[in-house]
Amino acid sequence: MGPRPRVRCDDCSFEWFGATAAHGLRIVGACPRCRGRLEFLVAGDEPPPPAAADARDPAAVLGTPTSWAR
Ligand SMILES: [Zn+2]
C-alpha cells in the first residue's frame, strides 16, 4: 500500500499528498490546475463549515441568555 492522497481534484483527478499542500488548497478552495472541485480525504483538512464563522455570538451557540445564564 502506498501513501494515500490527502486531497484529490474531482475534475482532473490530480492528487496531493503533503500536509502543506492540503493546507494551501484548503485556503484556495479550488484546484490550482483546472479550478475544479477539491475532495479532501483526510479529516481535518477540509474547509470549516460556514456556520463556524458565525459562532462568535455566544447566544447563537448557547441559545438566548435566559435559557442558559441562570
Ligand atoms: Zn483539477
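Two residues are in contact when their C-beta atoms, placed from the backbone, lie within 7 Å. This criterion applies wherever the tour says that one residue touches another. The model on display is a predicted one.

**Whole chain**

Begin with the protein chain coloured by secondary structure. Four helices and three strands are present, and from the N terminus the elements follow the order β-β-α-β-α-α-α. Of the 70 residues in the chain, 11% are buried. Among contacts with a separation of 6 or more, 37% join residues 24 or more positions apart.

Next, select strand 1 (7-9), strand 2 (15-16) and strand 3 (38-40). Together the three strands form an open sheet, ordered 2-1-3, with antiparallel pairing. Strands of a sheet pair through backbone hydrogen bonds, in either a parallel or an antiparallel arrangement.

Which residue of strand 2 is the bridge partner of Val-7? The partner is Trp-16.

Keep Trp-16 selected and show its surroundings. Leaving aside residues up to four places away in sequence, Trp-16 touches Pro-5, Arg-6 and Val-7, and also Ala-21, Ala-22 and Leu-25.

Now extend the selection to the largest nonpolar core. Its seven residues are Val-7, Cys-9, Trp-16, Ala-22, Leu-25, Cys-31 and Leu-38. At least two residues of this core come from strand 1, and at least two from helix 1. In soluble globular proteins, nonpolar side chains tend to be buried together.

**The loop between strand 1 and strand 2**

Move to Ser-13, which is located in the loop between strand 1 and strand 2. Is Ser-13 buried or exposed? It counts as exposed because it has 10 C-beta neighbours inside 10 Å. Inspect its backbone as well: phi of Ser-13 is near 65°, a positive value in a residue other than glycine.

- Cys-34 sits between helix 1 (19-28) and strand 3 (38-40). Cys-34 counts as partly exposed because it has 13 C-beta neighbours inside 10 Å. Beyond residues up to four places away in sequence, it touches Cys-9, Asp-11 and Cys-12. Draw a C-alpha to C-alpha distance from Cys-34 to Cys-12: the two are 6.9 Å apart in space and 22 residues apart in sequence.
- Arg-35 belongs to the loop between helix 1 and strand 3. Its phi is positive, about 65°, although Arg-35 is not a glycine. With 12 C-beta neighbours inside 10 Å, Arg-35 counts as exposed.
- Gly-36 also lies in the loop between helix 1 and strand 3. There are 16 other C-beta atoms within 10 Å, so Gly-36 is partly exposed.

**Last stop: contacts of Gly-36**

Which residues does Gly-36 touch, not counting those up to four places away in sequence? They are Cys-9, Asp-10, Asp-11 and Cys-12, together with Ala-30 and Cys-31. Two of these, Cys-9 and Cys-31, can be highlighted again as members of the largest nonpolar core. Finally, draw the C-alpha separation between Gly-36 and Arg-8, which is 9.9 Å for residues 28 apart along the chain.

Notes
Residues numbered from 1 in each chain as written. Predicted model: local features only at pLDDT ≥ 70, side-chain atom pairs only at ≥ 80, totals over all residues. Buried ≥ 20, exposed ≤ 12 C-beta atoms within 10 Å, placed from the backbone. Core = buried A, V, L, I, M, F, W, Y, C linked by C-beta atoms within 7 Å. Pairing = 2+ DSSP bridges.
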